[in-house]
Amino acid sequence: MTLPKSKITTATTVRRDREEEPTDQITYSPEEFWAEVAQCVDWTKPWDRVLDNSDPPFTKWFVGGETNACYNAVDRHVAAGLGSKVALVHDSPMTQTIRRVTYAELLDQTSRLAGVLHDLGVRRGDRVLIYMPLMPETIIAILATARLGAMHSTVFGGFAAKELATRINHAEPKVIVAASCGLEPHKVVRYTDMLNDALTQISVARPHCVVHQRRNVWVAPLQPDQYDWDELMDLAEPHPCVPVEANEPLYILYTSGTTDSPKGVQRPLGGHIATLCWTMKAIYGMDKNSVWWVASDLGWVVGLSYICYGPLLYGCTSVMYEGKPDRTPDAAQYFRIIEQHKVNALFTVPTAFRVLRRADPETLLGRKYSTKTLRTIFVAGEHCDYEAKAWAEKTFKVPILNHWWQTETGHAITATCLGLAHSTNPPKYSTGMPFPGYDVQVLREDGSKASAHELGRIVVKLPLPPGTMSTLYLAPERFKENYFSKYPGFYDTMDAGYIDEFGYVYVTARDDDVINVAGHRLSTSALEDVVLSHPDVVDATVVGVPEPTKGEIPLCLYVTRDDRNTNEELINGELVARVRELIGPIAAFKLAAEVKGLPRTRSGKTCRKSIADLARSKQIKIPSTIEDSTVYRDIMQVLRKLGYAKTAPEPI
């Protein structure tokens, strides 16, 4: 497979030779470039046209071409003689099990589960909802659905019955595939209880339910219309792959926090699998023998793209860790996994570093293990502060590379691309350079182009590259209104940031997280970086709160080290002084308070808006994805001491 090397703008330079580094180069058009990328995967029918942008923003790629995601992730590797190669490593310290699944075993399981789903009525274009934890059977369910040309919709196991029912009503799945339970530290989460509750709340036809019993954890009592996974698989006949046109949907993924108004990102098949396969080398520098670990969940886009599809399409080994950085059972687990499974690259969220730093700051537990196989760590999903990055680089002794992408894009918008010869020492706080196909710009509120280093809204000039969302499921008008109406001709990322004179992109915050202090726009992440540089602070968030003169001022809530030697009053004074010195008096920074914890989702994002709303005495609903909802009680008390949230209703 040819690996295009240079950044694409109006034309692209790619390798002439498929196996060796080029001695000369030729220039390709964007269509030729993406046609070359598409050779990463096998097609049952060639496309008629690479790009159809006649109806923007509903761009189509590889029009008329047919392929199958499951075939490319599994069958073709077995056909190439790689059946004995390990595809998945499932490491679950909570069940004290480690399981390895080869490509041949994955083929057997996916083809037979596809036969089960077909017998239950699933056909090309139908929907299958998957409600399972991080385990190989979840990937088997995903690939079996794709094998039939149907759409899968994975729902994170943290969602309760009401949110699950909302998604069932919207997607109208033919079949729901569920596990009997999931695991949290010291807790069994009974998925089938929540599923059964959700099924009493739906208004659409009741789907068939296939339940995978986690017999070593908890076996669920099945209702009369529910089927045992193992019993069906014992009787199943393997089903072949169904060819699917490139622009038909591969999956629907509902964005986190969706409740009353579902927003289902719809992903097109062909461009997505081709681009993901290419990124494994182009961005992450992997080779076919690499061991790749993404510390995420299959209910999030990172898990779908890079626990499931990316590594399997590429043909390397994907590690699945069912556990926490620090509590299952201790803060040595990341180090153990790297040594035990010989991990070459890790993709995680910066919060993991903050957790490890807080639990084991001197890595007394972690240093027992060797991380010599590790070459790189990639982070995304939230702002990566410099202190966490510096600690992780010192601890793991590899480059920590930040990159930026969204559920809507499915892969990186900006990155430090190891396979494209980018420097592994990008500027401090940068999220890298635009990835091929993304014409990234920063615009002012009036739509004019911002200057270098000027904070504004980050947008991407249309058309978007292959593999990004094609629409919102059953909501094309909402798709246009949400993402393309504010800045015509551009995709609105809704993130704020700036671009430097060298083209590096800096993502500072969601645009609604920018604080407007007396007309001056300040980034929450810039303030958080200063706060997190304090030696006693291990986690922090900054939000805007009302102030009668300036309109809005920053409020910082922070978490300290357990072994700190200073009191809160002294830390507050030092934080105010640091911000004044490094940001300036323009920040009007004077409010800081210690809290026991911050509201973070299981994917590592801080729910700043809920804190800002509480400060304004608004009613907030705690998302189902919050890892520890009890932190809100402490935050409420702190806000009230500072004179805010005086009439705020209790969070629900």
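Arg112 is buried, at a relative accessible area of 17%, where buried denotes under 20% relative accessible area, exposed over 50% and partly exposed the range in between, for a 1.4 Å probe and protein chains only. The model is predicted, so that local features need pLDDT of at least 70 and side-chain atom pairs count only at pLDDT 80 or more, whereas totals for chains, interfaces and linings use all residues. Residues are numbered from 1 along each chain as its sequence is written, and side-chain values use heavy atoms, with hydrogens and water left out.

Arg112 lies in helix H3 (residues 103-119), helices being DSSP runs of H or I with at least four residues and strands runs of E with at least two, numbered from the N terminus. Beyond its neighbours within four places in sequence, Arg112 is in contact (heavy atoms within 4.5 Å) with Met233, Asp234, Ala236, Glu237 and Pro238.

The axes of helix H4 (residues 136-147) and helix H9 (residues 301-314) come within 11 Å and cross at roughly 60°, the axes being lines fitted to C-alpha atoms over the stretch in contact, with angles from 0 to 180 degrees between N-to-C directions. In this pair, Ile139, Ile142, Leu143 and Ala146 of H4 meet Leu304, Ile307, Cys308, Tyr309 and Leu312 of H9.

Strands S23, S24 and S25 form, in that order, an open sheet with antiparallel pairing, pairing requiring at least two DSSP bridges between two strands. Strand S23 (404-405) and strand S25 (433-434) stand at the edges with a single partner strand each, and therefore one side of each has no neighbour in the sheet. S23 is joined to the antiparallel strand S24 (residues 412-415) by 2 bridges, and Trp405 stands opposite Ala412 in S24.
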